[in-house]
Amino acid sequence: MKILKLLLKIVGVLLLVLVVSALAYVYHQKPTYEGELKLNGIAKTTTVYFDEYGVPHIYADSKSDAMTALGYLHAQDRLWQMELVRRIAPGRLSEIFGSIALKNDKFFAGLGIEEASAKAIDSLDKKSETYLLSLAYLNGVNQFIEKGPTPIEFSLVGVQKEKYTLKDIYNVFGYMSFSFAMAQKTDPLLTELKEKLGDDYVKELGITPTPNTTMIRNTKGPRDQYGNISAAVNHIVDQLPVPAFIGSNGWVVAPGKAKNGKVILANDPHIAYSQPTVWYEAHIVTPDYEIYGYHLAGVPFPLLGHNREYAYGLTMFENDDLDFYKEENNPGDPAQYKTPDGWKNYDVIKKTIKVKNEKDVLLDVKITRHGPIVNDLLDDLNVTSPLSMQWTYTQQPMKTLQAVYEISHAKNIGEFQHGVSLIAAPGLNVMYGDAKGNIAWWATAKLYTLHSGANRNFVLDGASGKDDIKSFLDFSQNPQAVNPKWNYVYSANNQPDSIAGMLYPGYYVPEDRAKRIMQLLESKSDWDRTSISSMMIDVTNPLLTENVKVLLTAAAGETLSSEEQEALKVLKNWNGTVTTRDAAPTIYYKWINQFLRNTYADELGDTNYKRFLASNHMVKSEIAAQIARENSLWWDNVYSKDKKENRSDILLQSFRESVSFLTNKWGGNVSQWTWDKANTLENPHPLGKIAALRSFFEVGPFPMNGSPEMINNMISDFSETGEYKVLAGPSTRRVVDFSDIENSISILPTGQSGNPFSRHYRDQSEMYVKGTFRKMMMNKDEIIKSSTKLVLEGK
């Protein structure tokens with residue numbers, strides 16, 4: 001009995017020690033939001049107030065002190081995120097995740113981002129404030145890396161902390177830029193479809209082939225499977241542990257349309273959901289500078305921001321800045337390829353990819369005058385001809401860091417415009433408004449034209465030179481609007497008006513969001529912060545009902561089951577609004593998915609149909625266009641031998657199949673097929689793929705209002721399950737009101753901190769789901785009253 005009591009005491013002591021150790025570990029892991037710290041590089045006392053949502057308000061005597069503080073604070077809340085995003089461009093994820101990340105690393109290591117970063121750093125003025133403030137930021141980041149607690153993710157995956165460098169900052173820009181590009185998802189696939197189906201089918205996808213578009217038909221042997229390229233790149237981007245940039249809304253209302261006679265800016269960049277969220281907020285105040293900014297992981301200057309003088313936001317331009325070229329090897333010398341000036345040697349860059357617990361992988365990257373050969377960067381392509389990738393980001397001078405510095409430090413609209421003009425890639429729509437009443441929008445990118453007849457929707461001819469870039473446009477020719485007479489500017493990733501006598505090629509989304517934004521902005525001239533914030537969460541798309549009208553016509557006079565009759569009645573009475581209480585969107589989106597399969601899968605085949613859906617922007621643009629086509633090659637099912645299907649046949653068949661599916665899934669009561677059952681959002685964390693860790697790291701799931709191409713854009717894949725996992729949407733919602741700048745508002749999808757032990761890890765998530773906002777505080781007295789205080793002193 002004594003032995004048993006002794007054992008129980010020992011077990012009790014061990015449990016107590018374990019509990020105390022766990023509590024100590026959790027306490028040690030939490031971010032430091034109050035007290036005092038000593039940092040190298042702080043010249044004078046710097047005070048940081050963390051407001052009730054964990055946003056740091058940094059009051060410093062100099063910009064250098066402020067940036068050192070920012071770097072330290074950014075790292076303590078987001079070091080794991082910063083570690084992941086800096087590893088993508090140089091191909092270093094396999095060091096953490098092992099061979100599962102090898103495909104990603106081979107591809108990104110060969111794109112040339114790291115080499116472009118090195119060139120940009122070499123050309124950077126080492127005496128400029130851009131450079132010096134970036135070093136101050138890195139100083140702060142690296143002091144946290146050296147002295148701060150190691151984030152739990154580092155311990156779980158067994159990775160050592162490393163100092164952050166200037167090249168890491170540039171590599172973050174490189175990944176961001178590539179995630180904007182769309183050509184790699186569509187051009188190779190369209191080339192294969194053109195070869196397989198012919199020009200007429202491709203024309204009905206909104207693509208007009210031209211005689212000069214390369215891909216000569218083979219008469220011997222198998223054709224190259226270019227669609228494999230689209231599939232491989234899509235898979236790589238989908239597997240990345242950090243979010244991709246996808247789309248956005250942005251608009252600025254001039255004083256003439258505002259109730260209080262002052263500019264109002266609204267912006268919600270659409271980015272894949274993740275935990276932590278993309279943006280890190282920080283408010284900096286020095287004697288000669290103030291900015292309330294939104295920072296990417298590892299980037300010292302904010303891509304979104306405002307102060308008392310001006311505000312800016314961004315959306316994705318969606319211009320085409322990436323082209324594929326079919327090159328031609330020298331039959332007598334595989335080290336050479338054909339150019340307009342004869343045979344030329346490939347440049348070869350040797351790469352070493354380190355793989356966790358395995359041997360290093362050696363990679364030889366062949367470089368042409370257009371860019372790297374992608375055949376060796378992607379597995380299982382079945383493409384025999386060498387295919388190069390020409391990308392504006394790696395081929396034009398990279399001045400992104402200078403640009404972001406200038407737009408966040410501009411003194412007037414002229415300086416701001418100069419800053420945005422420095423961005424060659426990615427293509428952005430930059431929205432601007434200021435306290436003086438100016439509003440503006442600029443499309444930023446280094447735009448170019450190809451020689452006559454070249455069609456950049458397809459793989460181009462690399463050998464002859466006839467498909468090469470002909471000229472670059474001056475920035476003055478980019479789409480833009482400054483103080484337009486209609487009193488607002490906007491962007492929703494839609495096609496801009498013609499420039500330089502042409503519609504600039506790109507991968508623009510359908511007009512749904514743009515039309516709704518214009519419809520609402522045109523409807524009134526007394527906009528204020530409240531009405532603008534309500535507009536940001538708008539979930540009505542009247543264009544959806546136009547598609548329904550075509551279905552109603554197809555169903556007229558047909559014999560329908562009771563469930564089909566009820567479902568059709570729900571759609572008939574629908575105004576295009578998508579809330580969690582509605583059944584109509586559940587029926588509509590299932591019908592759309594069936595319509596896509598019944599229209600395209602027979603001609604494309606299952607593999608290319610999946611690739612077609614993955615192109616996303618192209619598919620979304622085609623839905624309404626195809627439904628509106630009474631006559632189309634695509635309507636006929638090539639497998640039905642005794643009938644030629646028409647539009648009504650396919651639409652009605654798709655509707656019947658949808659109702660049958662939903663009845664089997666959710667029962668025969670159509671009113672119970674509500675959207676909350678079908679549309680959910682969960683903010684994923686890379687370690688959430690491990691079931692035991694999911695609830696700890698991930699935030700959600702939540703039923704969500706909205707759907708693709710609403711203003712409140714809830715982006716999901718085309719799903720045949722009747723359920724839609726929201727993958728991307730507003731990464732923040734911001735409303736900056738110059739009539740009351742200190743009460744401007746915003747929200748994040750989860751929280752400010754990426755540290756799961758922080759109280760700010762998920763404290764905004766329910767507000768975000770409900771469509772509410774919180775203040776972006778700028779009044780110092782108000783900030784002090786509701787904040788904790790951290791004092792930073794120099795060593």
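In this predicted model, strand 24 and strand 25 pair in the antiparallel sense over 3 bridges. Within that pairing, Asn-683 stands opposite Val-699 in strand 25. Strand 24 also pairs with strand 27 (residues 724-730), here in the parallel sense and again over 3 bridges. In this second pairing Leu-681 has Val-726 of strand 27 opposite to it. Strand 24 itself spans residues 679-683 and is mostly covered, with 4 of its 5 residues buried. As a general point, the side chains of a regular strand alternate between the two faces of the sheet.

**Backbone exceptions**

Most residues other than glycine have a negative phi, and most peptide bonds are trans. Strand 25 covers residues 699-703 and includes Pro-701. The peptide bond that leads from Gly-700 into Pro-701 is cis, with omega near 5°. A cis peptide bond is also found from Gln-275 to Pro-276, with omega near 5°. Pro-276 belongs to the loop that connects strand 5 (264-272) with strand 6 (280-286).

Positive phi values are found at Asn-357 and Glu-709. For Asn-357, which is not a glycine, phi is near 65°. Asn-357 sits in the loop between strand 14 (347-353) and strand 15 (361-367). Glu-709 is likewise not a glycine, and its phi is positive at about 65°. Its place is the loop between strand 25 and strand 26 (715-716).

Are these two residues buried or exposed? Asn-357 has a relative accessible area of 78% and is therefore exposed, the cut-off for that class being over 50%. Glu-709 has a relative accessible area of 4% and is therefore buried, since buried means under 20%.

**Helix packing**

Two packed helices are described by the angle between their axes and the distance between the axes. The table gives these values for two pairs.

| Helix pair | Angle between axes | Distance between axes |
|---|---|---|
| Helix 19 (residues 584-614) and helix 20 (residues 617-628) | about 130° | 11 Å |
| Helix 18 (residues 562-572) and helix 21 (residues 647-666) | about 105° | 10 Å |

Helix 18 contributes Glu-563, Glu-564, Ala-567, Leu-568 and Leu-571 to the contact, where they meet Phe-655, Arg-656, Val-659 and Thr-663 of helix 21. By class, the residues of the contact between helix 18 and helix 21 are 5 nonpolar, 1 polar and 3 charged.

How values were computed:
Residues are numbered from 1 along each chain as its sequence is written. This is a predicted model: local features need pLDDT of at least 70, side-chain atom pairs count only at pLDDT 80 or more; totals for chains, interfaces and linings use all residues. Side-chain values use heavy atoms; hydrogens and water are left out. Axes are lines fitted to C-alpha atoms, for helices over the stretch in contact, and angles run from 0 to 180 degrees between N-to-C directions. Helices (H or I, at least four residues) and strands (E, at least two) are DSSP runs, numbered from the N terminus. Buried means under 20% relative accessible area, exposed over 50%, partly exposed in between (1.4 Å probe, protein chains only). Contact means heavy atoms within 4.5 Å. Ala, Val, Leu, Ile, Met, Phe, Trp, Tyr, Cys and Pro count as nonpolar, Asp, Glu, Lys and Arg as charged, and the others, Gly among them, as polar. Two strands pair if DSSP finds at least two bridges between them.
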